[in-house]
Amino acid sequence: MDPVELRDFEIRIDEWLTQGYAIIADEIEGQIRLTVHYVPRSGEAESEPEQEFWPLVPELVGLLERNGIPVTRSIVGL
């Protein structure tokens, strides 16, 4: 993966985590599906979860895991 592109992904993860977002990562059909949801503090408004699809490459899996976000594998058809 291009280092500049990887850095862009890293910046997004850092911003979400710093701002108090919860992130769930699933492997879906050869991609990483990120579900990003703001965890409101007392008195703050709740937000709708957002989803993004990122390429399933070792660099991004490692980035997520280093930030405490394991990539779970979905079992389709059960």
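Arg 33 counts as partly exposed, at 23% relative accessibility, where partly exposed covers the range between buried, under 20% relative accessible area, and exposed, over 50%, with a 1.4 Å probe and protein chains only. Its partner is Asp 26, and the two form a salt bridge in which the closest N and O atoms are 3.1 Å apart; by salt bridge I mean a side-chain nitrogen of Lys or Arg within 4 Å of a carboxyl oxygen of Asp or Glu. Asp 26, for its part, is buried, with a relative accessible area of 12%.

Before I go on, a word on what we are looking at. This is a predicted model, in which local features need pLDDT of at least 70 and side-chain atom pairs count only at pLDDT 80 or more, whereas totals for chains, interfaces and linings use all residues. Residues are numbered from 1 along each chain as its sequence is written, and side-chain values use heavy atoms, with hydrogens and water left out.

Let me stay with Asp 26 for a moment, and turn to the strands. Asp 26 has Thr 72 as its bridge partner in strand 4, and strand 1 and strand 4 pair in the parallel sense over three bridges. Here helices (H or I, at least four residues) and strands (E, at least two) are DSSP runs, numbered from the N terminus, and two strands pair if DSSP finds at least two bridges between them.

Strand 1 also pairs with strand 2, this time in the antiparallel sense and over eight bridges. Within that pairing, Ile 24 has Thr 35 as its bridge partner in strand 2, and Glu 27 stands opposite Ile 32, again in strand 2. Strand 1 and strand 2 form a hairpin with two residues between them, and Glu 29 in the turn has a positive phi of about 45 degrees.

Now back to charge. Side chains of opposite charge can pair when their charged atoms come close. How many salt bridges does the structure hold? There are four, among them the one between Arg 7 and Glu 10, whose closest N and O atoms are 3.0 Å apart. Arg 7 and Glu 10 are three residues apart in helix 1, so about one helical turn separates them. Arg 7 is partly exposed, with a relative accessible area of 41%, and Glu 10 is partly exposed too, with a relative accessible area of 28%.

Another of the salt bridges joins the side chains of Arg 12 and Glu 52, at 2.3 Å from N to O. Because Arg 12 lies in helix 1 and Glu 52 in strand 3, this pair ties together parts that are 40 residues apart in sequence. Arg 12 is partly exposed, with a relative accessible area of 31%.

The aromatic residues come next. A search of the whole structure finds three aromatic pairs, where rings of Phe, Tyr and Trp (its six-membered ring) pair if their centres lie within 6.5 Å, and planes under 30 degrees apart count as stacked, over 60 as edge-to-face and the rest as tilted. One of them is the stacked pair of Trp 16 and Trp 54, with 6.1 Å centre to centre and 25 degrees between the planes. That pair links distant parts of the chain, with Trp 16 in helix 1 and Trp 54 in strand 3, 38 residues apart, and both Trp 16 and Trp 54 are buried.

Tyr 21 and Tyr 38 form an edge-to-face pair, at 5.3 Å centre to centre and 65 degrees between the planes. This pair, too, links distant parts of the chain, with Tyr 21 in strand 1 and Tyr 38 in strand 2, 17 residues apart. Tyr 21 is partly exposed, with a relative accessible area of 25%, whereas Tyr 38 counts as buried at 14% relative accessibility. Ring pairs also link Phe 9, Trp 16 and Trp 54 into a cluster.

I will finish with helix 2. Just after helix 2, Gly 68 takes a positive phi of about 80 degrees.
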